Amino acid sequence: MRTQDSATATRTIAVTATGDSGTAHGVRAGSAPTAGIRPGDAAHRSATLPTGAAGTTVPTGAADPADPAAAGDTTGGRTDPLPRGTLLAGLGVAAFSLTFPSTVWGLESFGPWSLVAVRSTLAALVAGAFLLVGRVPLPERRHWAGLAVVAGGVVIGFPLLTTLALQTSTTSHAAVVVGLLPLTTAAFAAVRTGRRPSRTFWLAAVSGAVVVIVFTLQQSGGAVSRGDLYLFGALLVCAAGYTEGGRLARLMPGWQVIGWALILCLPLMAAGSAVALTVEPVRLNAHGVIGLVWVAVGSTFFGLYVWYRGMAAIGVPKASQLQLAQPLLTLLWSVLLLGETLPLAAPIAAVAVLVCIAVTQRAKS
C-alpha cells in the first residue's frame, strides 16, 4: 500500500478477487466507492464482488451462473451423488429380485388373494408406524392423485397380477415381465415428464431388454397363456406406478411416497384380508410365513423405499435400466431357494446385460 500525506491524495489498495481464472483485480480508492469495499475486509470483498465462471464478476444482486439455484435447481443445491443413487436403486432391484421366489413360498400357505391382501396390510401397518413415529404431516392435496397411481400400480396391481400368474407360470417365465419393465418404465417416464432420452440410451435399453427377453423365453418357452396376460398387465400398471412414484420422490422422501400409498390402500386391503382368509384355505409352514414376511416388508416397503430414493437421485429412465439385472438375479434365487436348474446361458446373458446397464448409466438422458 502506497499512501501520501494529503487526505485527498490517491491511494492504491490491492484487493484480490479471484475467480476461476485466478486473476486479481485492483481497486483504486479515492474514486467512486466500489460497493463499500474496505481494505482488509475479505468478507465484504467476497460479498460485493461475486465471481462467475472464468473469473468474470457478477453485479451485486445478480444470479451467479455457477450457482445451482440460478440454473433452476429446485433441490436448493443439494444433489444426491450418482454412486449413492445407483446404490439405492440397486438395493431396490435386489429386494425385488426375491419377490417371485418369496411369492412362490407364500403360495404354499396362502391363496393368491389372501397373500396379496395380507402382504399389503402388513406393509401398510409398518409404513404407518414409521409415519406416526416421524410425525409426518399428510401430503398436500395435489399429491394424492399421484399416490393413487402408485397404490394402484405397485401396491395392488403388480402384486395381484404376478401372484395370479405364478400359480401356473414358473419364476423364470415370470421374469420376462421384469425384463420388459425397464423399457416400459422409461417410455412411461418420457411421456409423463416430456423428456426424451438420447438415442444411445434407447439403443442400449432396447438391446438389454432384447437380451433378457430372448434369454428368458428360450429357457421357459414363449407360448401365450392366461398367465402371460396377467404378466403383461402387471408390466403396464407397475411401469405407471414406478414413473409416478419417481416423480413424487423428488417432492417428498421416497419412504413417504410408498408409505402414504400403502396407507391409502389399507382400508381396502384390510377388508380384503378378512374376506380372503375365510374363503381360501390357510396351511401355515415355514416357507409360507417367510415368503409372506419378505413380500410384505422386504419387497413392498424396504424395496420400494430405496427404489424411489434411487430414482429421485439418478432419474427414472436410468434407474429403470438397473432392473435389467433383476431377471438374472431372480433366476439365481430360484436355483438357491426353489431348486430350479440354472441355465448355462445365464453367465453370457449376465455379461451382456451388465454392458447395457453401463452404457445407459453413461448416456445423457
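# Questions about a predicted model

Colleague: In which helix is the place of V293?
Modeller: This is a predicted model, in which local features need pLDDT of at least 70 and side-chain atom pairs count only at pLDDT 80 or more, while totals for chains, interfaces and linings use all residues. Residues are numbered from 1 along each chain as its sequence is written, and side-chain values use heavy atoms, with hydrogens and water left out. Helices (DSSP runs of H or I, at least four residues) and strands (DSSP runs of E, at least two residues) are numbered from the N terminus. With that numbering, the place of V293 is in helix α10.

Colleague: What is the relative accessible area of V293?
Modeller: Accessible areas come from the Shrake-Rupley method with a 1.4 Å probe, and for residues only the protein chains shown count as cover. A residue is called buried under 20% relative accessible area, exposed over 50%, and partly exposed in between, again with a 1.4 Å probe and protein chains only. V293 is partly exposed, because its relative accessible area is 44%.

Colleague: Which helix gives the most to the nonpolar patch?
Modeller: A patch is made of residues with over 30% relative accessible area and no salt bridge, where nonpolar side chains (Val, Leu, Ile, Met, Phe, Trp, Tyr) are joined within 5 Å and like charges within 9 Å. Here L277, V282, L284, V289, V293 and V297 make a nonpolar surface patch of about 460 Å². The element that gives the most to this patch, with three residues that fall in the range 286-314, is helix α10.

Colleague: How many salt bridges does a search of the whole structure find?
Modeller: Side chains of opposite charge can pair when their charged atoms come close. A salt bridge is counted when a side-chain nitrogen of Lys or Arg is within 4 Å of a carboxyl oxygen of Asp or Glu. One of them joins R142 to E140, with the closest N and O atoms 2.6 Å apart, and R142 is exposed at 57% relative accessibility, whereas E140 is partly exposed at 45%. Over the whole structure, the number of salt bridges found is two.

Colleague: How many residues apart are E244 and R247, which both lie in helix α8?
Modeller: E244 forms a salt bridge with R247, and the closest N and O atoms are 2.6 Å apart. E244 is buried, with a relative accessible area of 8%, while R247 is partly exposed, with 26%. Both lie in helix α8 (residues 226-248), about one turn of the helix from each other, and their separation in residues is three.

Colleague: Which residues does V154 touch, not counting residues up to four places away in sequence?
Modeller: A nonpolar core is a set of buried Ala, Val, Leu, Ile, Met, Phe, Trp, Tyr and Cys residues joined through side-chain atoms within 4.5 Å. The largest such core has 68 residues, and V154 is among those that touch the most other members, together with Y242, V257, L262, L304, W307 and Y308. Contact means heavy atoms within 4.5 Å. Leaving out residues up to four places away in sequence, V154 touches P159, C238, G241, Y242, I258, L304 and Y308.

Colleague: What distance separates the C-alpha atoms of G157 and V237?
Modeller: G157 is found in helix α5 (residues 144-165), and G157 counts as buried, since its relative accessibility is 12%. Apart from residues up to four places away in sequence, G157 touches G152 and V237. G157 and V237 are 80 residues apart along the chain, yet the distance between their C-alpha atoms is 6.3 Å.

Colleague: How many helices and strands does the protein chain have?
Modeller: Of the 365 residues in the protein chain, 45% are buried. Among contacts with a separation of 6 or more, 84% join residues 24 or more positions apart. The secondary structure of this chain comes to 13 helices and two strands.
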